[in-house]
Structures are given as structure tokens and as C-alpha cells.
Amino acid sequence: MPELPEVEVARLALEEHCVGKRIVRCAAADDTKVIDGVAPERLEASLVGRTIAAARRKGKNMWLVLDSPPHPTFQFGMAGAIHIKGVELSKYKRSAVNPTEEWPSKYSKLFVEMDDGLEFSFTDKRRFAKIRLLDNPEAAPPISELGPDALFEPIKLDEFVKTLSQKKGPIKALLLDQSFISGIGNWMADEVLYLARIHPGQTASKISKDKCEILHQCIKEVIEESIKVGADSNQFPENWIFHSREKKPGKAFVDGKKIDFITVGGRTSAYVPELQKLDGTDSAASRSKPGKDKENDDNTKSGKGRNAPKPAKGRVKAAKGSSNKATNTSDDGDKEDYEVEEAKPAKRGRKQPARVSNTSSKNAGSIHGDEATDEVDARPAKRTKKQIEKTTKRSLKEANHEDSDEEAHDKIEAKPGNAPTEESARRPHMKELAKES
């Protein structure tokens, strides 16, 4: 969006080409979102016949001082721009009004013709700008609520350092606060912080005095340099972060160093981690926070913690299967997780013989199932009553998880990822029956 340099270049153009001239024709758009608090007809009537005495600006707001009130004010919003017919003005992407288009542009919100035939227009393609008609612009919001202008009323160094030492918020958010300094927007804040080698999230009060002085100087230099080239971003110094700040993450570099993006003060902030590092306690807090985040991530990945995800079906199947070929990592890429999940079925394997044995007893004499089951189920019918009671007691002991030689045998077989099959679970019982028969 237009910030102090773009708005200042527009003001300078109006001052150079329009001051001292009388308005003979005016056309205001029927757009109540942009034309704020005044009917288009009244705005037109208030301007026609008046002479422009001066063009003023504070922060990102500009207004024309007429020979008598009221005066029109312009809040540029996201894409507001001044265009003077035949005069090359600032170029910034979001103004997006091509000189080759019809004149006045279809995005014109206020068109003005001077007594010498010169014409200018205020355009706004995105309709976030505001045009107001005020008797005393400096005494009314939003201009009355602005802090000192970064160009016309620069804060003295001592006061700047003192103010920062009292602010506990991040420096990027403070620079964007128009009640602190007016005129600095998102791209300017990123630029001055990059040139000063200050992390945008650094607490203002924890910035050293030396760095405060450098930051104070960088604000001045960025404003002056950008105005000198007519706010034409194509002519900004090559070593500015501006040229890459709108590129995609991973593809943004300045002087061969990677640009990263974080959110500070609700705004996306471009910075160079290699050069802009957090200092003091901010640095310590930053190191501890990722540590906590990493610990939480590790807990989540390893199946620990309150919000740990349930194991995927694929993992459980791999753990239950009789094959040990599961060498792939789990879905989240953590091999250790997979081994933890794979180890759990071993506990179920110890209980499994009892369940299978009970099932085998219940299915005695069944004509269904595999041949091995039929063979085992056929034998109990020939046993004596004493033998049957002995076998039943053994099954009950296994159901109550009491260790026996046969259960120990099952524990050995029930290794992680190699849970006993129904047939192997039955083997101890079959062995005992063979002895008894």
C-alpha cells in the first residue's frame, strides 16, 4: 500500500502543478464507501470555483488547502493514488492505473480540472481509500490522532531512544503504530529493520542504544532515498529487501541470504534470519519456545501426550502380521514410532492362548474349522473324567494369567511384530493332550 514516500511524491506533484490554480470542474464518484460523510454533489459544489492554496500531508494522509474551508482530504488506503494528466508520478503495484487507459480512469473517485486546462484524478481500484470534506483537517480524525510525521517532524534521537526503552512490545508493531510515528507502513518497517539488522520481533525496550541510533538513522535514509527516486520501487537500491519481500518463501533472497517470513503485530514481516537475530532475553525465550514445541511434537509423534493421534490401521496390521518385513517408516516419517506401535501386540499375545484354548474347548466336536482343530477336538471325548477336570483347571489358570511352562512358551513366541497365530497358541494344549492320551 502507499506509505509516506508514495503519498509525499503525490503531494509534491500537486504542489508543483496545481497550487495557485482555480478549480473549474469537478466530478465525484457515486461511491459512498470511498466518498465518506459527504454527498458527491456537495463535494463537487464545495470545490468548484475555489483556488488551491497548498497541498499538505501527515503520515499517509494528504489534503488540499483551499482559499476557504471546507477542504478535501485523502486517505490513500490500499491502492489510492493521485494522477495528473501528462505528468509521470509514483509507480506502485496496487495503484494499477495504466496511463494508456481512458481518462479519467474508470477507477477515478474524484476528477478535477483547473482553470489552465490541467486535470488530475484521485483513483482507488480496491475501494479502501477515503475522501472527506473537513473544515479543519488537522483537528479531526484520523489526522488529529497521528503521531509526528516521520519526514516533517522526525523524533529527536534522545527522545527516540528513551521512548523505545519504555515500550515492551515488538519493534515492528511499534513502527507500524501511527500514533507513535506516522507514515511508516509494512514495507518501510521491514526495510529499516533489515538495514539496521534488528529482528522484527525484538522487544523495543531491549534494543541496545547503539542499535536504536542505527534504526533512527535508517528511517531517515529509507524515506529520503525512496522520495529521491519518486517512490518508484524499480529504482530502490538493489540491496534493499523490498525487491524480494513479495516472493514466495524459499525463493526470496537478498544479497545471497535467505529471507524468511513471520507474523508480527498482525502483519507479515520479511526478515533475514542470518543477519537479524533476537538479542538478550528475547533470544533465550525464542530458544526455549522451540524446545517446548519440539518436545510437544516428539510426544505427539511417539504416541504420548493428551492429543496424541491414534495409531493408523496400517501400523496395527503390520504389528499383528506374522511377517517381519515392515522396514518402512510410519506415515509421519518417524521410524521409532513404528517400533513402539509394533511392540504393543506382544501384550495381547500373552492373553491370546487362553482365548484360543477356551474357544477350542467350546468348539469340541465341531465339524467346522481346519483339520488340526478337528483332530484336537476329537480327542477329549475319549478321555476320562479325571483327565477332563485336570485340563479344565489348566485352562482356568491360563485365563487368570497365572504363569505355567506352556504360557512361558507362548511369551517367547509373542515377540513384537510376531504375535502368535491361532495354531501356535493351541500347541501347548495339544502337547498336553498328547501326553495324557
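Begin by selecting Ile84, which is found in strand E5, residues 80–84 (helices, H or I of at least four residues, and strands, E of at least two, are DSSP runs numbered from the N terminus). This is a predicted model, in which local features need pLDDT of at least 70 and side-chain atom pairs count only at pLDDT 80 or more, while totals for chains, interfaces and linings use all residues. Residues are numbered from 1 along each chain as its sequence is written, and side-chain values use heavy atoms, with hydrogens and water left out.

Is Ile84 buried or exposed? Ile84 counts as buried because its relative accessibility is 3%, where buried means under 20% relative accessible area, exposed over 50% and partly exposed in between, with a 1.4 Å probe and protein chains only. Leaving aside neighbours within four places in sequence, the residues in contact with Ile84 include Ala13, Leu14, Trp103 and Phe120 (contact means heavy atoms within 4.5 Å).

Next select Glu113 in strand E6, residues 108–114, which counts as buried at 18% relative accessibility. Show Arg25 as well, and you will find that a polar contact of 2.8 Å joins the side chains of Glu113 and Arg25 (a pair of N or O atoms within 3.5 Å; within protein, one must be able to donate a hydrogen and the other to accept it, and residues adjacent in sequence count only if both atoms are side-chain atoms).
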